[in-house]
Amino acid sequence: EMSDNPLLSDAALPLYDQIKPEHVVPAMRSLLAHLHSEIDALEASVTPTWAGLVQPLERIADRLSRVWGAVGHLKGVQDSEALRAAVEEVQPENVKLR
C-alpha cells in the first residue's frame, strides 16, 4: 500500500532509515502518475498568472525533487545492486516528466 511507503511520507525530513530499494519503483510510479494528472489538470484549466501556473508547477517540481532526491541521496551513500536496479527501472519515467 502506498500510504506505507516511506518515500511518499509527508514527514518533515525523508525517512532514510525506513526506505528500502523495493520502495523506489512503486513510490516513483505512483508519484509520477499523480504528478502527470496534476499537470493534465493544470493544462486543461491554466490561468496564466503566477498563482495559477507558476506556483502549481513549483509544487509539482518540489514534490518530485523531494522523493527523487531522497532516492539519489541513498544511492550515493548506501548503494546496492537492488537500489541501482530500482533507479534504472524508473529513471526513464522520471526523465519523461522533467
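Along its sequence the chain follows the pattern α-α-α, with three helices and zero strands. Helices (H or I, at least four residues) and strands (E, at least two) are DSSP runs, numbered from the N terminus. This is a predicted model, in which local features need pLDDT of at least 70 and side-chain atom pairs count only at pLDDT 80 or more, while totals for chains, interfaces and linings use all residues. Residues are numbered from 1 along each chain as its sequence is written, and side-chain values use heavy atoms, with hydrogens and water left out.

**Overall dimensions and burial**

- Taken along the principal axes, the C-alpha atoms of the chain fill a box of roughly 45 × 30 × 25 Å.
- Of the 98 residues in the chain, 31% are buried; buried means under 20% relative accessible area, exposed over 50%, and partly exposed in between (1.4 Å probe, protein chains only).
- Contact means heavy atoms within 4.5 Å. Among contacts between residues at least 6 apart in sequence, 64% join residues at least 24 apart.

**Helix α1 (21-44)**

- Helix α1 has 24 residues and reaches 35 Å from its first C-alpha to its last, close to the 34 Å expected at 1.5 Å a residue. The expected span of a helix is 1.5 Å times one less than its number of residues.
- The buried residues of α1 are H23, V24, V25, A27, M28, L31, L32, L35 and L42, and their cover includes α2 and α3.
- A33 also lies in helix α1, but A33 is partly exposed, with a relative accessible area of 47%.
- A33 and D62 are 29 residues apart along the chain, and their C-alpha atoms are separated by 15 Å.

**Helix α2 (50-77)**

- The 28 residues of helix α2 should span 40 Å at 1.5 Å a residue, and the 37 Å between its end C-alpha atoms agrees with this.
- Buried in α2 are G52, P56, I60, L64, V67, W68, A70, V71 and L74.
- The cover over the buried residues of α2 includes α1 (21-44) and α3 (81-97).
- L57 is in helix α2 and is partly exposed, with a relative accessible area of 39%.
- From C-alpha to C-alpha, L57 and K75 are 27 Å apart in space, and they are 18 residues apart in sequence.

**The nonpolar core**

- In soluble globular proteins, nonpolar side chains tend to be buried together.
- A nonpolar core is a set of buried Ala, Val, Leu, Ile, Met, Phe, Trp, Tyr and Cys residues joined through side-chain atoms within 4.5 Å.
- The largest nonpolar core has 22 residues, of which L7, V24, M28 and L64 touch the most other members. To this core α1, α2 and α3 each supply at least two residues.
- Not counting residues up to four places away in sequence, M28 touches L64, V67, W68, V90 and N94.

- A cavity, on a 1 Å grid over the protein atoms alone, is a set of points where a 1.4 Å probe fits but cannot get out; lining residues have an atom within 4 Å of a point.
- Grid points are joined across faces, edges and corners, and a volume is the space filled by probe spheres set on the points.
- How many cavities of 30 Å³ or more are there? The count comes to one, and the largest cavity has a volume of about 60 Å³.
- The largest cavity is lined by P6, L7, S9, L13, P14, L15, I19, R66, V67 and A70.
- By class, that lining has eight nonpolar, one polar and one charged residues. Ala, Val, Leu, Ile, Met, Phe, Trp, Tyr, Cys and Pro count as nonpolar, Asp, Glu, Lys and Arg as charged, and the others, Gly among them, as polar.
- P6 is placed in the segment before α1 and counts as buried at 8% relative accessibility.
- Leaving aside neighbours within four places in sequence, P6 is in contact with L15, Q18, I19 and H23.

Note on methods: 1 Å grid on protein atoms, 1.4 Å probe; cavity = no way out; pocket = protein on both sides within 12 Å on 5 of 7 lines; lining within 4 Å.
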